[in-house]
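Good morning, and thank you for coming.

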Amino acid sequence: MKKIMVTGGKGMLGYGIQHVARLEPRDGYQFVFVDLEDGDLCDLAQTEALFARVQPQGVIHLAADVGGLYKNMAQGVEMFENNLLMNMNVMRCCRKFGVDKLVSCLSTCIFPELTLCPHVQMPIDESVIHMGPPHPSNEAYAYAKRMVDVQSRYYRKQYKSNFISLAPTNIFGPNDNYSPEHSHVIPALIRKCDAAMRQGTDFVVWGSGKPLRQFIFSFDLARLFVWAYFHYNDPEPLILAPDESQEVSIGRIAQYVADAFGYAKPLVFDTKYSDGQFKRTVTNRKLMSLNPSFRFTPLPEAIKTSVQWFQENMADARL
Ligand code: GFB
């Protein structure tokens, strides 16, 4: 039985891969989900001990120091250092322990901020990843993640390592991180709308609600990560996002959350909070050329599933 070790296995995307592995088991393969309590990947000795214990043939590396706009603005040092350390140690151990395939995780927030790079056109594709500075709101995280692309390509070039990197757009789904200060927008809105329904208060959306994002449901992304593990072997990163036409405003996504809760009052927008990056439209042209039959879950349905998970699992949720 070949073992595929999933780091960050207890996080949102790890939970999604657990869901997919149950629904669509792969003959001859066993997924092994590990998390911080199994070893701190920022520490090389603990990372080596984890690899020695699991002896994986494959790795899907999801563990990261991540967060939404406001965490990125407040903790750039930790997000830069922790992600560099984890990615460095995982790649070193993949080579040392003879891992056949490594899948690492980038993000579409790491691509050039177009208002700073007039030479880069929208929609963004995989070829422009290093062609200009990222948006200032998550610059530290973005540069740490860009090094995953560089490190993967040089392991492939120098040691023939089959290391790939995938760049999802904004992810949401069950078992997300719902902490008010550090979470991404959709789990933050879910937590806030739940509180507004319970307390009869206003559902307050931070910022103007005007910025635009492409959101990907964690269960769809998990299927794409497993597909890429078995079918994608290029050195270039691969963007994983729904079509550009699925780009929505923060205000629209907040309304989907309100609808899922049955919250009937008007949304309130608190513009003293930063909007962050206005727009980062990416194309999924390369993904759809390689996996043309893939279908994304419609956004309102995915939001409803995520809200329902929160309502049913609030006691265990990361608040
Ligand atoms: O997911 P998010 O925090 O980060 O979304 P980014 C920020 C947008 O949602 C801003 C609005 O326009 C916020 O004004 N927003 C509204 C809120 N209410 C809230 C709220 O209660 N909490 C939060 N967090 N936002 C992320 C990166 O950027 O993109 C990640 O920070 C990751 O690292 C992801 O790469 C793909 O979408 O701006």
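This is a predicted model: local features need pLDDT of at least 70, side-chain atom pairs count only at pLDDT 80 or more; totals for chains, interfaces and linings use all residues.

Residues are numbered from 1 along each chain as its sequence is written, and side-chain values use heavy atoms, with hydrogens and water left out.

Let me begin with the ligand. How many residues surround the ligand? There are 25, and the closest are Ser107, Cys109, Asn170, Lys192 and Asp275. A residue is counted here if one of its heavy atoms lies within 4 Å of the molecule. Lys192 places a polar side-chain atom 2.6 Å from an oxygen atom of the ligand. For Arg213, the distance from a polar side-chain atom to a ligand oxygen is 2.8 Å, and for Asn72 it is 2.9 Å.

I turn now to the helices. Helices are DSSP runs of H or I with at least four residues, strands are runs of E with at least two, and both are numbered from the N terminus. Axes are lines fitted to C-alpha atoms, for helices over the stretch in contact, and angles run from 0 to 180 degrees between N-to-C directions.

Consider helix 1 (residues 12-23) and helix 7 (residues 218-231), whose axes come within 8 Å and cross at roughly 70°. Helix 1 is therefore roughly perpendicular to helix 7, a term for angles of 65 to 115 degrees; angles under 35 count as roughly parallel, over 145 as roughly antiparallel, and the rest as oblique. The crossing is right-handed, meaning that the near helix is turned clockwise from the far one by less than a right angle. Contact, defined as heavy atoms within 4.5 Å, involves residues including Tyr15 and His19 of helix 1 and Phe219 and Arg223 of helix 7. By class, this contact has 10 nonpolar, 3 polar and 1 charged residues. Ala, Val, Leu, Ile, Met, Phe, Trp, Tyr, Cys and Pro count as nonpolar, Asp, Glu, Lys and Arg as charged, and the others, Gly among them, as polar.

Next come helix 6 (residues 185-199) and helix 10 (residues 299-313), with axes within 11 Å of each other and a crossing of roughly 55°. That angle makes helix 6 oblique to helix 10. Ile186, Ile190, Arg191 and Asp194 of helix 6 make the contact with Ile303, Ser306, Val307 and Phe310 of helix 10. These residues divide into 5 nonpolar, 1 polar and 2 charged.

Finally, the backbone. As background, most residues other than glycine have a negative phi, and most peptide bonds are trans. Which residue has a positive phi although it is not a glycine? It is Gln55, with a phi of about 50°, placed in the loop between helix 2 (44-54) and strand 3 (58-61). The peptide bond from Met122 to Pro123 is cis, with omega near 0°. Pro123 is found in the loop between strand 4 (101-105) and helix 5 (139-159).

Thank you for your attention.

Conventions. A polar contact is a pair of N or O atoms within 3.5 Å; within protein, one must be able to donate a hydrogen and the other to accept it, and residues adjacent in sequence count only if both atoms are side-chain atoms.
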